[in-house]
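Please walk through the model below, element by element.

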Amino acid sequence: MTNPKDKKVFVKTYGCQMNVYDSDRMADALATKGYAPTQEMEEADLVILNTCHIREKAAEKVYSELGRIRKMRDAKKEKGDGEMTIGVAGCVAQAEGEEIMRRAPVVDMVFGPQSYHRLPELLDRAHNGSRVVETDFPVEDKFANLPKAKKEVTRKRGVSSFLTVQEGCDKFCTFCVVPYTRGAEASRPAHQIIAEAERLADAGVRDITLLGQNVNGYHGEGADGKDWGLGKLLFRLAEIPGLDRLRYTTSHPRDMDEELLAAHRDLDSLMPYLHLPVQSGSDKILKAMNRQHSYDDYVRLIDVIRDARPDIALSGDFIVGFPGETDEDFEQTMRIVREVTYASAYSFKYSPRPGTPAADNPDQVAEEVKSERLYRLQELLNQQQTDFNASKVGTTMTLLLERKGRDEGQLVGKSPWLQAVHVQAPEEMIGEIVTVHIDNIGTNSLFGTITGGHSTMDRSKISHREGINT
Ligand code: SAH
Ligand code: SF4
Ligand code: F3S
């Protein structure tokens, strides 16, 4: 066997931001075994697919990717370039378990999202010749047992970061696989989250997005031993020096409580952008989806949020063609979009997911009807997004400079509303928050000119951040 220090891991990430966060945690766990990340699958000793189960044929796509990987592994071996260990993680792993081992003999390890802290041990077992399946929900605390990344590793990952605070979902929307693949709602204790946020800030991170499948359902043990909701947690995180920007995603309309609204009202660092999926505008469909709120409840809630934070922009998720959706139901979705106006949105055709209640509904909507509805909805949402971006031209906003742009001397920054803004600035300014005047809009981004620094900028954090490699 070669020197373990030389080992490389390639992790391919599918799905939501929680998987992006988890892929970094797997990399942290593997670093303890001497594995360094690589972007090239060919040179990897270990390949992990961190899968998503939300879309139609998700599992089939994993099997065909595994077919390609098998060819690559065989070619590598033939060339004398060594062995390749192959793992399947994430939501397809959790859902399919043993089935993956049966259908894809190339796979050495199948392990679900709750077992990432055990990855070094699972890898040892695989290297000893076992085919490892680990999809039970273990009782020990995954997060407490995951190793912490070194400061320079965190620094290299950039100035914005995700931080998972809650996993799983108890909402059981009738179309959704998440409660089955990620399990019951569970929140991390606040002290753990605060410590992680402090470590991130110390490494130069300035923009943190708290993650959870139902993040505003967060209910963790607080630093004072009491039960904390997401609002309370945000107030505490806002005290961390250097953390100028906080966000959270994705939230459920039923869990916007008073304290969370107060956070939107009182915290400058809580960015004025909220992803609050409504899925449909029809009360009949909302009921069939088990969303537990009506059209009016949602619109009223948006009013309250906009009262608390007038510059807030909204984003959402929509499903068209849910079983039983009529033309009138769909028009209600168009109506709620016009009434609320979104800065950004994701919209999908309903796709039956085996094991979910809606999949068994005999009243499925025809494919061409779904396509036509999706086209109309996306046209409207795209128009709203363009209008939102255009509304920023001529205004001034703060910008977190994140990475180099494509052109010489150009940097790309993130606006409070998650827009990409291109400016002329030297690379050393990455990590700074500046004030920028928006000059015009491109297809997917804005263009601006830096007009000044930003008052809350923490210079002590910037001076020692030359090493950033974005
Ligand atoms: N936790 C998130 C949802 C994650 S899934 C939330 O509650 O907002 C992301 C989005 O995928 C959902 O909001 C929904 O719009 C879409 N989605 C989930 N299951 C789907 C299905 N069976 N068909 C079509 N879209 C689906
Ligand atoms: Fe799925 Fe989100 Fe509904 Fe939970 S709240 S079941 S994750 S769509
Ligand atoms: Fe996909 Fe699992 Fe996220 S199914 S959307 S990766 S929670």
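Predicted model: local features only at pLDDT ≥ 70, side-chain atom pairs only at ≥ 80, totals over all residues.

Residues are numbered from 1 along each chain as its sequence is written, chains are lettered from A and ligands numbered from 1 in the order in which they are written, and side-chain values use heavy atoms, with hydrogens and water left out.

Helices (H or I, at least four residues) and strands (E, at least two) are DSSP runs, numbered from the N terminus. Six strands form an open sheet in the order β2-β1-β3-β4-β5-β6, with parallel pairing; two strands pair if DSSP finds at least two bridges between them. Its edges are β2 (36-37) and β6 (132-134), each of which pairs on one side only. Strand β1 (residues 8-13) runs parallel to β2 and is joined to β2 by two bridges. There, valine 9 is opposite proline 37 of β2.

Helix α5 (residues 119-127) lies across β3, β4, β5 and β6, at about 155 degrees to β5. Axes are lines fitted to C-alpha atoms, for helices over the stretch in contact, and angles run from 0 to 180 degrees between N-to-C directions; contact means heavy atoms within 4.5 Å.

Strand β7 (residues 160-164) runs parallel to β10 through five bridges, with leucine 163 opposite leucine 210. Five bridges also join β10 to the parallel strand β13 (residues 245-249), where leucine 246 is the bridge partner of isoleucine 208.

The axes of helices α13 (residues 295-308) and α14 (residues 327-340) come within 11 Å and cross at roughly 10 degrees. The two helices therefore count as roughly parallel, a term for angles under 35 degrees. Their contact includes Tyr295 and Ile302 of α13 and Arg335 and Ile336 of α14.

Last come the ligands. Around ligand 3 are Cys16, Asn19, Cys52, His53, Ile54, Cys91, Arg182 and Gln213, each with a heavy atom within 4 Å. The residues surrounding ligand 2 include Cys169, Cys173, Cys176, His252 and Arg291.

Methods. Parallel < 35°, antiparallel > 145°, perpendicular 65-115°, else oblique.
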